[in-house]
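Have the coordinates open as you read.

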Amino acid sequence: MAMRPPMPMPTLSRRARVILGVVAVLVVILSVLGTLTSEYVDYLWFEETGYTSVFWTELSTRVLLFLVVGAVTGLAVVGNIMLAYRARPAFRPMSVEQQNLDRYRIAIEPRRKLLLIVLGVVLGAFAGFTAQGGWQTWLLWRNGVDFGVTDPQFRMDVSFFAFDYPFYRLVLGFLFAIVLLSLLGAAAVHYVFGGIRLQSKGDKLSPGARVHLSVLLGLFVLLKAFAYYLDRFGLVFSDRNGITTGASYTDVTALLPAKTILMFVAAICAVAFFANIFFRNFALPALALVLLIVSSLAIGGAYPAIVQQFVVRPSESVKEAPYIERNIVATQAAYGIDEVAYQPYEGETELTPTELRDDEATLPNARLLDPNVLSDTFTQLQQIRNVYGFPERLDVDRYTVDGEVQDYVVGVRELNTSALTGNQTNWINQHLVFTHGNGFVAAPANTVVTEAGGGQPNFTTRDLPTVGDIEVDQSRIYYGELLTEYSVVGAPDGGEPNEFDRPAGGGAGDEDLRNTYDGSGGVEIGSFFKRLAFAVFYRERNFLLSGQVNDNSKVLYVRDPRERVEKAAPFLQVDGDPYPAVVDGRIVWIVDGYTTLDGYPYSQQEVLGEVARDSLTGQGTAALPDQTVNYIRNSVKATVDAYDGTVTLYEFDTEDPVLQTWMNTFPDTVLPESEISDELRAHFRYPEDLFKIQRELITKYHVNDPIDFYNNTDFWEVPDDPQEDDTTLAEEQPPFYILAARPGESEPTFQLTSALNALERENLSAFVSVSSDPETYGEFQVLRLPGTTAVQGPSQVQNSFNSNELIARDLNLFNSEDSSAVFGNLLTLPVAGGLLYISPLYVEGAGDNSYPLLRKVLVNYNGQVAYEDTLAEALDSLFGPGAGEGVEGPETPPGSTPPTTSPPPGSTPTTPPADGTATLEETIADLDAARAALDEAVTGGDLGEIGAAQQTLLEAVEAFLAANTVAAGAPATSTG
């Protein structure tokens, strides 16, 4: 039979090859230039912040892994292909198969070296890129320290499972890939060059191909034996029983012995393949391979399934009890909930006015200002200029003023780059003029002011320049949550300040005050090379062309405090809610950092992003990543200076082996706990994300008896947020910071709290709190309510509010075309053996510049509902006269100057008379007039008139409600 002539290879013209070559070179140059520029700008940031050791350690580790794994992979695969080529038979039998392969051999031969180089580089680059992503696994393995705790099955230190086991798995995965790729490549070459002859008579393999492939198959099976060895330890992360994480009865009694047997069977199978080098017969390795497959199916699959079905299932709770107990102990330790104090609590008592008056720690500090509602209020009353703004979610912190601890709703007046309009958005203004915010604003959380219609926060620290009871020496905010753009700061020697600092505060003709940044933050760009680097990085030619970029200029970038901590400490997970605090006269952002693992044996595995999510996640806070973990510690407290951006990491958990490992990896990066000042420590809060994870675990892991755990006896659940608008998409209720006394204590504690419902029920089962006070920081207390009584949970309490006749009528009135009702946080307060629910009710106008004002306070106790203008009045209404005497009402303290407004033209103030004699008809007329005045003000567009008209409308609504209540004779208190 005549041999078919080989098909000609397609060719390109010389011109086409040149063009393609030039394009390829340009693509490579631009890609490399972009990567190098990005790395250089990154390095400048680390150099500015003093964390170059982090940069170099991470970069060198990534490069090392890339080069080593890439080189080993590329050389191993290419080496085996070359070995297969060299082992090709000198003579090939004449057959149709070999004649068809001739065309490929002829095409490959002239380009063989080039193809090998390209293949080696591509495979090496791909493997190296994959390997460098495991840099943390490598560093944890190299620097890991012992936990001092052993697992209950293998009696090995937890560090083996946390640091060693993941690394061994990583190495094993790459070895499998190398051997498999080598096997495939070698088999392909042997086939193409005649070493494998599938359609020929006689031997199907040449001696060289047989030896080569036998070795590679033996190595593959030997690696499988090592995989079975590691699988034994991996059983501590099993979820076979569907109840808990960890080795179950079937895993320990059936699968663990099976894995051990399979390990030896695989080793024997590997020896059989190696023996084929000498015996020249694939029968023996084939039989061994069949034995391995049958064994894996029988003892690795069928036998454990039989044990699970016929031994475990009939008495699963008893069989699994010891292994569930292991999970309970490990989970409590891994999530830091092993020292929770559980305390029985009645939850329902008959309170008297005297008992409430005697409460000097909880009720007087009851928080009426909701930081999740009042951002617009802070903005409208304290924004001052359109370039400023406040985060979507404000924060709660406490300060000691005049010897008394007071919790405040706080925020910083940041530069809001998204609010710049018109000419403010050109490059000069956006990046060189409007560079920073200015000011710290705080309002006591338990009071509002009475002037200007009332309901406004009492800003005791406010305005520009900042004045008030919290002393701020440096109020400029160059680093904050709203600062998403870079800024170029610094004036030439002898030059005039260019940055907008704040309004002058004088007459209308006064010029704004200007400032030149003199802080240590920022990267100097005096040299042409650095300006060129930033011009390339930001794709902005003005770095090179603008005359306002001078030798003293600096670039401030990566300005979000959370992002700065993540960058300086890439080994941490960072809490989603940084908060500002004034420490030694300077504003700093406090950021909580977590060390996490997914390799703590027997501990329950959870997804961070899921268990830390609540109804407020994403609304002014960042969500944690959807990363599986089963160990977490708040090991680091970080601060970011709002003026110069200094990032400081403090060790906060001195007993955390994970942090100790990272401190070995990055020496001198985390400062010892002794460096934390008392004033800074006084502002540490227990972090919300960690608390949400722990409360989720507490709902189950407060049960210590494994049989009860199996039966879900006495499980709890986190209630859905009852104030969500869309109940079909309800998320969990967020926790709340409160300043209150714990049962049995007389002094208030700043604590983070949450209600817990019975499983799939709406009634309350427990109340969990954790202290943020320095002396008792991290101490958990869980109040367990009797299982024989049904204490109302948050949803039931909210339903009692919504269904109350008087409240429902007012809500219908508030939720109109001109306004809307906004419920504030539903707080649960343990008081004198009972549980008191308090929720503020805000009313917000419908205009673009409207903002919520506190109008009513709702209280629930034992199913009884009170609905009044103030908390004191609500307590009097609910418990009798005098009950609210110890509670501060709305006030205007000396020195405060709440905003006042004048009614717009054509409107009439409608404040109800003190004696309540206004008739219902009069108040309705006033209400109509106020609505018309608001429409007129909105049409005119004057912000002052709009604010005044909104205030007038709210006063008219109050007058109508008062007249309506008198006319109807409706009580303010009912059973709902």
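Is asparagine 429 buried or exposed? This is a predicted model, and in it asparagine 429 is buried: the relative accessible area is 15%, and the cut-off for buried is under 20%. Asparagine 429 is found in helix α13, residues 427–433. Leaving aside residues up to four places away in sequence, asparagine 429 touches Asn423, Gln424 and Phe434.

Next comes helix α10, which covers residues 316–334. Does the end-to-end distance of α10 agree with what 19 residues should span, or disagree? At 1.5 Å a residue the helix should span 27 Å, and the end C-alpha atoms are 26 Å apart, so the two agree. Just after α10, glycine 336 has a positive phi of about 70°.

Now let's turn to strand β27, residues 749–758. Of its 10 residues, 10 are buried, so the strand is largely enclosed by the rest of the structure. Strand β27 pairs with β25, with β26 and with β28. The table sets out these pairings.

| Partner of β27 | Residues of partner | Bridges | Sense |
|---|---|---|---|
| β25 | residues 716–717 | two bridges | antiparallel |
| β26 | residues 736–740 | five bridges | antiparallel |
| β28 | residues 763–771 | seven bridges | antiparallel |

Glutamate 717 stands opposite asparagine 757 in β27, while alanine 740 stands opposite threonine 749 in β27. On the β28 side, serine 754 has valine 768 as its bridge partner. Strands β27 and β28 form a hairpin with four residues between the strands, and in this hairpin glutamate 760 takes a positive phi near 55°.

**Backbone points to check**

Most residues other than glycine have a negative phi, and most peptide bonds are trans.

Which peptide bond is cis, with omega near -10°? That bond runs from leucine 464 to proline 465. Proline 465 lies in the loop between β10 (461–462) and β11 (467–468).

Arginine 155, a residue other than glycine, has a positive phi near 60°. Arginine 155 sits in the loop between α5 (135–143) and α6 (158–192), and with a relative accessible area of 60% arginine 155 is exposed. Aspartate 668 is not a glycine either, yet has a positive phi of about 65°. The loop that holds aspartate 668 lies between α18 (657–665) and α19 (678–681).

Why does aspartate 668 count as exposed? Its relative accessibility is 77%, and the cut-off for exposed is over 50%. Asparagine 429, where we started, is by contrast buried.

Conventions. Residues are numbered from 1 along each chain as its sequence is written. This is a predicted model: local features need pLDDT of at least 70, side-chain atom pairs count only at pLDDT 80 or more; totals for chains, interfaces and linings use all residues. Side-chain values use heavy atoms; hydrogens and water are left out. The expected span of a helix is 1.5 Å times one less than its number of residues. Buried means under 20% relative accessible area, exposed over 50%, partly exposed in between (1.4 Å probe, protein chains only). Contact means heavy atoms within 4.5 Å. Two strands pair if DSSP finds at least two bridges between them.
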